[in-house]
Each structure stands twice: as C-alpha cells, then as structure tokens.
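Please keep the sequence and the structure in view while reading.

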Amino acid sequence: MRGEELVLPGGRRVPGLGNDGSWNWIPNHIPQQKQRGIRHRASSQRTRVLLMETLMSAVAARPAAPVKRIAEVDFRSGTSLEQLASQVQELVQLEQGEFGDQTALEVHTAKDFIFNMLGLVQKVDKRLPVANEYLLLSGGAREGVLDLNPEDLGDYARGVDFDLDFTLLVPALKLHDRNQPVTLDMRQSPPCHSWLSLRLCDPAMLARWGICCEDEANGQREEDEDGEEEGGSILGSIPSLQSPQSLDGCYFSPLLVTDWFWNVVGTAVEELRRNPQRGIPVPDRIERNGPLTTLILKAGTSRVLYDLLPVVSFRGWPAVAQSWLTTNHFWDGKITEEEAISGFYLLPCCSPAAGSASRPDREWRLAFSRSEVQLKKCVPYPMAAAFQAAKAVLSRLLARPRTGLSLYHLRTLLFWACDRLPVAYLSCPEQETPARLLLGLLDDLAHCVLGKNCPNYFLPQYNMLEHLTDGAALLVARKLAHLRSDPAEHLRAALEQARQACQLKREAAGASNGHGVSSPSRGPSAAGSPQDDRLAQRLQQLVTENPGKSISVFLNPDDVTRPHFRIDDKFY
C-alpha cells in the first residue's frame, strides 16, 4: 500500500504523513500499541519542524527600511549645502540669462560699431594690421578675463553703468614664430614679463611704429623736426637695420603704445559722433583706465561696455613655457594640443613689484588668453557654476579698496583645481556639488593669500602674489574669513544685486518701448513718426497674409522712406 505525503512549510514533502500531520494509514499487521508510538513520533516530528521554521524566520535577514538622507552641512559656517547649491544655480541663471531677440540684435550692432571704428582707425592711421585677428572675450577686464593690475581698471557696476560687458584684444603687432619657439628678451624682467626688442620687427613695421619705440640711450624716437617723410626719419634715427645686434637697446614701449591707442580711438569715436546714423549705437562714455580704453555704447535698450586693449600677438608658444606642455592636464584628450597652444599675447602691463625693478615703459606681460578660451570649454559644469558664483561674491568683496588681488587669481586657481581633482568629483551629479566646489575655491584663495603664493598656471615659476604686502594680505584674508563664515548671506547679496540689474534692464526696455524709441541715435524727432507707423502696419499685413513664410525687410540707411520686403525668394 502507498501512503500520502505531508507538505511541510517551505514546500518540503514527507511520505506517509497527511496534510494535517497525522498518519492516514498504518498497516493492519502492526499492533495497536506500536501504532500509538508511531503516531506520537510523527506528532513530535511535526512540532520540531514547525519550531525550526519559526526560528529560521525569526533570525532571517529582513530588507532594511529606507533611511532618510541627512542634509550635508558646511562644517565652517553650518550652512546647508543644498541651500548654497540652490543659490548658486539661481545666480548662474541670472548671470547667464539667454538674450532675447532684441538684446541679441543690440549686442550685434554694438560689436559692429566697435569693429567699424577700428576699421576707421586703420584707414586713417594706417598702423594697425590690415588683416587683423581680434580676440573678443565675454566679460570686462574687471571680471578676471585678463591678468592686469587691478588698481588700474576703474569702477563700473552692472545695472548702474552697463548691462553687458566685453573685452577686446586689438593686436597692434602680429609677430609670427616661423615654426620656431618664440624667444623674448626676458633678461631684465621678472618672470612672465618681457621687453620687446625691435630685432623681431621688419623695416616696414619699424617705419609704422617708430613713434612708439624707445632706446636706453636716446629715449623716445621722435619724427624728424624738418618734416621729412615719417618712414625715412624713423629709419634714419634707428641704428643700422642690417645689424640686428645693434638693436639690442631699442624697444617697443607699452606706455607709448597705449597712449597712441587712446588718442586714435578717441579721435575715431568723435568722428562717428559727428556723423550719427539711424540704428547705429551712440557712444555714451569713453574713458581711460590704465592701459585700457573703456567705451560704453547705448544700443537701443542696452548699455554695452567694451574694454579695448592694444596687444602684441604671437603664433606658436614661448620657449619659457615649454615645460607646461610636458605635464598632464585636465584637458588632455578633450582638445588637441594645437588648440591649446595656438598663440599668446603680450599685454601692456608691467610687473606689480614696487621700486626700480618695475619698468612700465619697457615691460610687457605674457598672456595666454587664446589658450584659456579653449581650456574653459573643458571645465565640468558644476565647477564652472561654482566659479561663476565665486566671482559674483568676490567682485563685491575686492572692489574697495583694491589690494593687488583680482578675479584673475581665482581663474588661475580654477585651472589648478581642475588639474588636481578627479573629473568624477568635479562633475558629480549630486545637487550639492556646486556648493562643495564653491567653498573649495574660497578656501584655496584664502590659502594662497595667507601664503602670498599663487603660481601662474602656464608659468608656475611666476608667483602672482609675490608683490602682496603683509598688510594687504592680512586685509584680504580677513575679508575672505568673513565671507567664509557665512557664504549664504553673501550669495543672497549677490543674488539681490543681479536681480536689481535685471529689473533695471527690464524697466529701461519698457520705457523705450513705451516711447517708441528703438535706438538713442534716432533722436526725439524720429519717435513715433508716421513713416514708422506705416512700415509697422505694412509688415503686420504681410505677416497676416503670408503665414509660415520667411519675411525680411531691407532698409537703405541713406533713404529709409523706401523699404523693400522679401517673402521667401520674392522681392516687393
């Protein structure tokens, strides 16, 4: 005979036992007493199995309950990193808000004005290269886009003096290396500075730029008083051009170059002011700030600030910075070496060292702005956001008094940090990452100020804070300690300033639209003219009658009474 099976907890089956734990059959030939023993043992076995199952379930590992993540807090200030990150994100959005169509058009017209003005300078003065290569940088010189002495840069506030700012490097000379490392005369200069010998220039260039040349013996080279041709008088005053060694004492003077540039730009701007044209930006202010020529243009509802700086442009890479190419960098594999070292500049800026060691009439400062533009493309977004926020809070902190520390030092620390820290840390997707990086940049800057040591990223042998006095370093360190003790409060102040600047821009745009004025150059007589009304009505009619088609309006600046319309490929 066959018995049934007992199904135990867990699915185990025991032959001969019923589902209730009792024997359903026992052979008849077994005596009754033995049958009772068998039933007792079966019951005991079932009890032991159930007890074992109960114990196993009691000690078995259970899924952990979800633990609420504790908010990360800054040890120094006690501020929540989540709050700081939120402020950083809002500030970046305000600082880098997308241009509307109107603002984009105004920025474009302001840029055209600058390049047309420089074209006029070249046409009249004939010293700037005909085919020039300008470098336009987003942000003014006070934003740390260039390594310039901060005490020379002037004071301008976004929202009060301007709405948008740019820096334009204008090559006065373009010197090429003929596929050889560039060798500069750095024998008498501190690191990262150089004198520019005329040995690098050809006779034609000397003829144009002799008015900006000096030598140790005779000082500035003047034009011949008898009214000889400019080229002949200059060439006659310079030692034999056939002997490069004789030019060792003849140098291109940064002070004379910036003086010349200020004069010719001022003349060109005044010429354009005397001949205003409809739709062309109006120069509001033109001022000199050290080596800079600062020009603020009114273009429609926007005030656009341009810092113009004459420079010497080189292709290739200077021999003094060759060691930089042999080390590992954060941009390796992201851009090519050719992009990273496509050229460099000499800025008309002397060493900040006090005393006779500094020669403002001779010294040019090496700048690697072209490389920095490429390197910034490789900075992870959280780090770029932290840098933007740090600039916003530090620009207010370092404005007054200027103590030799600029936002360019912060930019240098940004590149060093990207080299030092793992990419996974810099680009971590956690919400608090920008806040961590912001605090790290502030700590790095405080460390550099206290130690008066900030190596140049491209020339580490040049300490950019060596000139800082103990008193100035202590003053800046105190300011940074105050900022570090409550970064949220300083971010709130920067946010409020950014909001006010945006509000002022909107109010200016609303006032302009309310009066029907699209550009200050139109003048009061042009506001709301019948011709403008007819043009607007005609354009509105064409838009209504031609849905989905491309419509363009062409105006002749010399005769705005006859507009031409293009609908797709047809003219009317």
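Two residues are in contact when heavy atoms of theirs lie within 4.5 Å. The model described here is predicted. The protein chain has 15 helices and 16 strands, and 45% of its 572 residues count as buried. Among the contacts in the chain with a separation of 6 or more, 70% are between residues 24 or more positions apart.

**Glu287 and its surroundings**

- Glu287 belongs to strand S9, which covers residues 282–289.
- Leaving aside residues up to four places away in sequence, Glu287 touches Tyr156, Trp262, Leu292, Thr293 and Thr294.
- One of these residues, Trp262, is 25 residues from Glu287 in sequence, and the two C-alpha atoms are 8.9 Å apart in space.
- The side chain of Glu287 also makes a polar contact of 3.3 Å with the side chain of Arg285.
- Glu287 counts as partly exposed because its relative accessibility is 29%, a value that lies between the 20% limit for buried and the 50% limit for exposed.

- Helix H3 spans residues 101–125 and has 25 residues.
- From its first C-alpha to its last, H3 reaches 36 Å, close to the 36 Å expected at 1.5 Å a residue.
- The buried residues of H3 include Val107, Phe113, Ile114, Leu118 and Asp125.
- Lys126 follows H3 and has a positive phi, near 65°.
- Arg127 lies in the loop between H3 and strand S3 (135–138).
- Arg127 counts as buried because its relative accessible area is 8%, and the limit for buried is under 20%.
- The side chain of Arg127 has two polar partners to note: the side chain of Asp125, at 2.9 Å, and the backbone oxygen of Arg208, which lies 2.6 Å from a polar atom of the Arg127 side chain.

**Nonpolar cores**

- In soluble globular proteins, nonpolar side chains tend to be buried together.
- The largest nonpolar core in this model has 115 residues, and Phe252, Leu375 and Leu394 have the most contacts inside it.
- Helix H9 (residues 381–397) gives the most to this core, with ten residues.
- Apart from this core lies another, of 15 residues, among them Leu146, Leu153, Leu169 and Tyr345.
- Leu375 touches Trp324, Phe330, Trp331, Ile335, Ala340, Phe415, Tyr457 and Phe458, not counting residues up to four places away in sequence.

**Aromatic residues**

- The structure holds 20 aromatic pairs.
- A pair of aromatic rings is described by the distance of the centres and the angle of the planes.
- Elsewhere, Arg362 lies over the face of Trp195, at 5.8 Å from the ring centre.

Notes
Residues numbered from 1 in each chain as written. Predicted model: local features only at pLDDT ≥ 70, side-chain atom pairs only at ≥ 80, totals over all residues. Heavy atoms only, no water. Helix = DSSP H or I, 4+ residues; strand = E, 2+ residues; numbered from the N terminus. Expected span 1.5 Å × (residues − 1). Buried < 20%, exposed > 50% of the residue type's maximum accessible area, 1.4 Å probe, protein only. Polar contact = N/O pair within 3.5 Å; in protein donor to acceptor, adjacent residues only side chain to side chain. Core = buried A, V, L, I, M, F, W, Y, C linked by side-chain atoms within 4.5 Å. Phe/Tyr/Trp six-rings, centres within 6.5 Å; stacked < 30°, edge-to-face > 60°. Lys NZ or Arg CZ within 6 Å of the ring centre and 35° of its normal.
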